[in-house]
Amino acid sequence: MHRPTPLSFDVAGAPLDAPAPDVWRATPFRALWRDGAARAALCLLVALMLVAVFAPWLAPYDPGAQPDIIRLQYQPPSAAHPFGTDPYSRDVLSRMMYGTRVSLSIAILAMLLSTFIGTAYGLLAALGGRFTDAMLMRGVDTFLAIPRILLLLGVVALWGELSVKALIVVIGLSGWFAAARLVRTLVLGLRERDFVTAARGLGAHTSFIAVRHILPHLASPILVAATFGVGAALVIEAGLSFLGFGVAEPQASWGNILREGQDRPLGAWWLSVVPGAALVITVLAVNVIADRLRDIASGRHLPRG
Amino acid sequence: MTAPSPITPSQDALIDVQNLRVAFSTPAGLARAVDGVSFTIAPGETLGMVGESGCGKTVTGLSLLRLIEPPGLIDPTSRILFEGRDLLRLSEREIRRVRGRRIAMVFQEPMTALNPVFTVGDQIAEVVRVHEGATRRAAWQRAVEMLERVGLSSPADRAKQYPHQLSGGMRQRVLIGMALVMRPALLIADEPTTALDVTVQAQILELLRELQRDFGMAVLLITHDLGVIAETASRVLVMYGGEIVEEASVDELFANAHHPYTQGLLAAMPRVDDRRERLTTIPGTVPPPTAWPSGCRFRDRCPHAWDRTAREHPDLFVVADSHRSRCFLVQEPERRRAVVAEQAE
C-alpha cells in the first residue's frame, strides 16, 4: 500500500486550487517550533551561534591576554570576570566565547563531513551490487566495533598535535560509519519501491535515480542522524581537548578550558563548572532537537485518526 | 524442451522473443519463473497476456526491458529481437536508450509507481530530459501537453500537483503519460487497470486504445482479467507455470479454447447471460516455480489428466491456423472427442 514518505503530509483529496504543500521547508520547522522544549533548545543554539560569530565584539577581554599571571590567576567569579580567571589569569568568559566558536564549528563541520561521506558510502553500498555491498559493509562493521574515542586517540597519538582543520577532518572521518549503515539500510528498502523500477524502466541511469529519486527520501532520517551527530562530535572534541590531544593552547575550546580546571577541581570550581555546564546544556539541546525531529519525521506529532 | 517456432514470420515482427527463460535463485532452489517463452508482436498490434498470479507474466514484461535484477537472471541463450537488435546483448548504456524511448512500461500500482516527493509534471518532464537533454522549460511544456493528451483537465495546474493530490485513475493517466511521452514503439502495460475501480478501468482501457491508435504503437497487455483481453487485444497468450500454454486470436480463444486451463479460466469468468449462483473455479494452485512438475505442469489441476501427461512434457501443438495449445489432447483426437462429449453432458 501507499506509505507516505517521512516528511510529507498526506492531504489526500486536496482541491485543485490548494497550494502545493511546501514539504521541504516550512512544515517540519514549524512543527519543531510548536514544541516547547525544542523551541527553548533552538533559541539556545541560535544564541550560542550568535556568540560564536560575534565573539570578538562580545568578549570583554582578549582571550589570550595574561594581565598578571601571579596576582590574577584563579580569580573566582566577580563583576570584572563573571566566570573568573584561569591559571594564566585569562578571562574565562572571553575564553568561553571564543571557545564556543571553535567547539561549535568543529562539531558542525565534522558532522557535515561525516554525513556526506556516510551518505555517499551507504548509497554506493546499497546500489553497487552484492559484492560491493558486502565488501564496503564489512569495512564499516570493523570500524564500528572500535570505540570512536579510542580510534581518535590512536590517530592523534600517531600524528601528534593537530590543527583545528585537522581535528575537523579526523573527527569527521571517524563519525560516518553509523550514518553509512543507516543510509544503506534505508536505500535497500527504497530501491525496491515501484517508482524506482518505473524510473529504471523509463531509461534513467542508476546514479540519476540515486540522486533524484532516492536521496530526497533520505532527507529526514539523515537530518535526524546528523543532528545527533553534532552532539556526539561536541563531546568527542571536548574529550580530546580535555585529554590534551584536541584543540591546542593557547586557542580556547570548551574542552581545554575544562582541562585548566583539572588541577584544582574544588578550589577553582568555575573552571570545571562553566565549560562543563555549557557542554551538557548544548548537547542536551542538540539531542532534544534531534529527538523532536525524529518524532516529526515519523509523523508522531500529527493528530491521530 | 520447446523449440522456438514463431507463427508470425519474425521479419514482420516489431519484437521477437525467442525461448525466454528467467530464473531466480532462492533459498528453496532455482525458481524458473519464465521457462522457454517465445512470441512476437507486430507493429501496432495489441497482444494480450493472461494468467493467474505467479505464472510469469510480470517477469516476462520486465525481461523485455531487461529490468530483472539479481538474484534474477535471464538465460543468456534467450533472444529478444527488437528493431534489428538483440536487447539481451545491448550494453547497459544502449538498453537505457531503449527503455522509455522505444519500449515503455506502465505499472500496476499507480499509488506506488509515482515518486511521492515530486510533482507529476516533474516526473513526466524527467523522462524527456533523460532522453533528449531538453531544457527544463521545454520538458515541462511537453509534460503539460502529455497530461492533456491523457485526458487530465487543466493540465497546467495538475502538472504542479503531487501524486497524493490525484485520484487513482488520474495517477494511472500520469503513468501512461510518462510511458508515452517519448512515443515508444512498444508499450508494456502490466495490469494497468487492476488497482482501479471498474468504471475507471473502462476509461483507462479506452484511453490506451485511443493512444495506441493515434501513436501507432504496439501494446503488450498483461492481465489476469480475460474481460480486459476481450475488450482490448487482438491476439492472446495464455501463460501457466512459466510457459505459454495456449496462443490464439481473441475470437478464436473465446470461441474454441483448447487447453483445459484456458477453458477453466473462461468458465471462471462471470457473464451477464449466466444465471449460475456460484462461479466455477479451477481447483488447486499454481505449483511453486522451484519445483515444476515434470510432464504437463497443469496436470495436478487438470480434469482430463492421464498417464502420458505425467511422463512427457507437451509442446505447443498446432490446433488450427495461428492457434496453438500445449496439451496432448491435440495429438490424441479420440481422447479429445471423449472429453468434449463428457463436457457436453
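Reader: What is the handedness of the crossing of α2(A) and α11(A)?

Author: The crossing of α2(A) and α11(A) is left-handed, a term used if the near helix is turned anticlockwise from the far one by less than a right angle, with right-handed kept for clockwise. This is a predicted model, in which local features need pLDDT of at least 70 and side-chain atom pairs count only at pLDDT 80 or more, while totals for chains, interfaces and linings use all residues. Residues are numbered from 1 along each chain as its sequence is written, and chains are lettered from A and ligands numbered from 1 in the order in which they are written.

Reader: What makes α2(A) oblique to α11(A)?

Author: The axes of α2(A), residues 36–58, and α11(A), residues 270–297, come within 9 Å and cross at roughly 130 degrees; axes here are lines fitted to C-alpha atoms, for helices over the stretch in contact, with angles from 0 to 180 degrees between N-to-C directions. Angles under 35 degrees count as roughly parallel, over 145 as roughly antiparallel, 65 to 115 as roughly perpendicular and the rest as oblique, and therefore α2(A) is oblique to α11(A).

Reader: Which residues make the contact of α2(A) with α11(A), and how do they divide into nonpolar, polar and charged?

Author: Among them are Ala37(A), Leu44(A) and Leu48(A) of α2(A), together with Ile281(A), Thr282(A) and Arg292(A) of α11(A), where contact requires C-beta atoms, placed from the backbone, within 7 Å. The residues divide into eleven nonpolar, one polar and one charged, given that Ala, Val, Leu, Ile, Met, Phe, Trp, Tyr, Cys and Pro count as nonpolar, Asp, Glu, Lys and Arg as charged, and the others, Gly among them, as polar.

Reader: How many helices and strands does chain A have?

Author: Chain A has eleven helices and zero strands, where helices (H or I, at least four residues) and strands (E, at least two) are DSSP runs numbered from the N terminus.

Reader: How many residues does each chain bring to the contact between chains A and B?

Author: The contact takes 25 residues from chain A and 31 residues from chain B. On the side of chain A that touches chain B, the largest share, six residues, comes from α8(A), and the residues of that side divide into eleven nonpolar, nine polar and five charged.

Key:
Two residues are in contact if their C-beta atoms, placed from the backbone, lie within 7 Å.
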